[in-house]
Amino acid sequence: MSAPDPADEWLMQPRWLPTLRAGIGVAVLVSAVVALVLAHPWRVLEVVMVAVWAGYGAFLVWASRRERSGTRLEDDAVVVTSGRQTTRLTRADILDLRTDQPGQHAWRLQAVRRDGRLVTLLGVPPSELDRLRRWHVGGPVGGR
């Protein structure tokens with residue numbers, strides 16, 4: 001399986017950022033354990049501070065697992081990933097593609113489903129609206 005074409009995938013943040021955040025979390029956890037070892041004999045304040053610091057590190061590692069959000073354009077569908085939730089929208093599922101606000105104030109794209117619900121296309125700039133509309137009607141989408 002090859003990597004997706006960068007022109008067909010829009011991410012909310014760089015792909016490496018969650019990995020960096022998890023690495024920082026592991027470093028924070030290790031530093032908390034080292035601080036606990038070096039602070040022997042322990043006092044209550046030191047143990048509480050180390051526990052809070054370790055909790056922060058654990059939170060960074062836990063939160064980085066759910067940060068892969070974005071939109072990918074495939075041949076037959078638009079796949080929107082928000083954390084662990086993935087929504088696959090085929091051409092038949094989408095009634096219309098539009099911006100969230102009219103004119104120059106738009107900052108995101110939305111797909112209107114056939115049942116009337118809106119799905120925000122995460123990370124897709126409004127400048128890609130024409131390209132996604134061409135995909136929706138089955139025409140050539142081309143590159144950026």
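**View 1. Strands β1 and β2 side by side.** In this predicted model, strand β2 (residues 70-73) pairs with β1 in the antiparallel sense, over three bridges. Pairing here takes at least two bridges found by DSSP, and strands (E, at least two residues) are DSSP runs, numbered from the N terminus, as are helices (H or I, at least four). Look for leucine 11: it sits opposite glycine 70 in β2.

**View 2. The whole sheet.** Four strands make up an open, antiparallel sheet, ordered β1-β2-β3-β4. β1 and β4 (85-90) are at the edges with a single partner strand each, so one side of each has no neighbour in the sheet.

**View 3. A nonpolar patch on the surface.** Val26, Val30, Val33, Val34, Val37 and Leu38 form this patch, with about 560 Å² of accessible area together. Valine 33 belongs to helix α1, and it counts as exposed because its relative accessibility is 53%; the cut-offs are over 50% for exposed and under 20% for buried, with partly exposed in between (1.4 Å probe, protein chains only).

**View 4. How confident is the predictor?** pLDDT is its confidence in each residue, from 0 to 100. The protein averages 86, and 90% of the residues score at least 70.

**Notes on the views.** Residues are numbered from 1 along each chain as its sequence is written, and side-chain values use heavy atoms, leaving out hydrogens and water. Local features need pLDDT of at least 70 and side-chain atom pairs 80 or more, while totals for chains, interfaces and linings use all residues.

Terms used
pLDDT is the predictor's confidence in each residue, from 0 to 100. Patches are made of residues with over 30% relative accessible area and no salt bridge: like charges are joined within 9 Å, nonpolar side chains (Val, Leu, Ile, Met, Phe, Trp, Tyr) within 5 Å. Accessible areas come from the Shrake-Rupley method with a 1.4 Å probe; for residues, only the protein chains shown count as cover. A salt bridge is a side-chain nitrogen of Lys or Arg within 4 Å of a carboxyl oxygen of Asp or Glu.
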